[in-house]
Amino acid sequence: MTITHASFVTLPVSDQDRALRFYRDVLGLAVTADRDMPQGRWLQVAPEGAQTVFTLSGPGMGDFEPGSARGIMLVTTDVDADCARLAAAGIPVQGPDELPWGRMASFADPDGNGLMLLTEKEGF
């Protein structure tokens with residue numbers, strides 16, 4: 001096997017414009033692609049410098065159920081500050097909780113896709 005990295009993770013959404021506002025304006029991700037395709041809009045976002053991007057897959061772009069993605073882990077340098085920013089934006093957050101591998105919190109995007117924030121414990 002010669003796999004080098006994951007190209008993208010599909011996040012099924014019902015409204016790409018609403019999802020874009022959340023991922024870009026609330027989470028601070030950058031738009032890496034925004035193109036009209038025969039099947040629909042190809043919209044991708046990612047943290048600056050990331051190899052793996054998130055495809056915000058709307059209607060017509062595959063047989064995906066909005067809100068069905070789970071377990072998407074986003075690593076942050078300050079989970080507490082990011083949770084405060086999410087709460088200030090009206091996003092319900094569970095945690096953060098202290099775990100053996102770091103401080104972790106969970107939240108959902110506007111469609112209900114499950115996301116987590118993690119500040120990794122040094123040396124873990």
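Residues are classed by relative accessible area as buried (under 20%), exposed (over 50%) or partly exposed in between, using a 1.4 Å probe and protein chains only. The structure is a predicted model, in which local features need pLDDT of at least 70 and side-chain atom pairs count only at pLDDT 80 or more, while totals for chains, interfaces and linings use all residues. Residues are numbered from 1 along each chain as its sequence is written, and side-chain values use heavy atoms, with hydrogens and water left out. Helices (H or I, at least four residues) and strands (E, at least two) are DSSP runs numbered from the N terminus.

Strands are taken to pair if DSSP finds at least two bridges between them. An open sheet of four strands shows mixed pairing and the order β1-β4-β3-β2. Its edges are formed by β1 (8-12) and β2 (30-37), each of which pairs on one side only. On average, neighbouring strands of this sheet are turned by 25° against each other, direction ignored. Axes here are lines fitted to C-alpha atoms, for helices over the stretch in contact, and angles run from 0 to 180 degrees between N-to-C directions. Seven bridges connect β2 with strand β3 (residues 40-46) in the antiparallel sense; within this pairing, alanine 33 stands opposite glutamine 44 in β3. Helix α1 (residues 16-26) packs on the sheet and touches β1, β2, β3 and β4 (53-57), its direction making about 10° with that of β3. Contact means heavy atoms within 4.5 Å.

Strand β8 (residues 114-120) is mostly covered, with six of its seven residues buried. Strand β5 (residues 72-75) runs parallel to β8 and is joined to it by four bridges, with isoleucine 72 opposite leucine 115 in β8. Strand β7 (residues 102-108) pairs with β8 in the antiparallel sense over seven bridges, and alanine 108 has glycine 114 in β8 as its bridge partner. The hairpin of β7 and β8 has five residues between the strands, and in it glycine 112 takes a positive phi near 100°. Most residues other than glycine have a negative phi, and most peptide bonds are trans. A cis peptide bond with omega of about 10° joins glycine 95 and proline 96; proline 96 is found in strand β6.

Glycine 71 lies in the loop between β4 and β5. When neighbours within four places in sequence are left aside, glycine 71 is in contact with Gly114 and Met116. The C-alpha atoms of glycine 71 and alanine 89 are separated by 22 Å, the two residues being 18 residues apart along the chain.

A nonpolar core is defined as a set of buried Ala, Val, Leu, Ile, Met, Phe, Trp, Tyr and Cys residues joined through side-chain atoms within 4.5 Å. The largest such core has 22 residues, of which Leu11, Tyr23, Val45, Phe54, Leu56, Phe107 and Leu117 touch the most other members. At least two residues of this core come from each of α1, β3, β4, β5, α2, β7 and β8, and α1 gives the most, with four residues. Leucine 11, leaving aside its neighbours within four places in sequence, is in contact with residues including Tyr23, Phe54, Leu56, Ala69, Ile72 and Asn113.

With a salt bridge defined as a side-chain nitrogen of Lys or Arg within 4 Å of a carboxyl oxygen of Asp or Glu, the count comes to eight salt bridges. One of these joins the side chains of arginine 24 and aspartate 25 (2.7 Å, N to O); arginine 24 is partly exposed, with a relative accessible area of 35%. Another is formed by aspartate 80 and arginine 103 (2.8 Å, N to O). This pair links distant parts of the chain, 23 residues apart, with aspartate 80 in helix α2 (residues 79-88) and arginine 103 in strand β7. Both side chains belong to partly exposed residues, aspartate 80 at 37% relative accessible area and arginine 103 at 25% relative accessibility. In a further salt bridge, the closest N and O atoms of lysine 121 and glutamate 98 are 3.6 Å apart. Lysine 121 lies in the segment after β8 and glutamate 98 in strand β6 (residues 93-99), so the pair ties together parts that are 23 residues apart in sequence. Lysine 121 is partly exposed at 36% relative accessible area, as is glutamate 98 at 49% relative accessibility. Salt bridges that share partners join Asp80, Glu98, Arg103 and Lys121 into one network.
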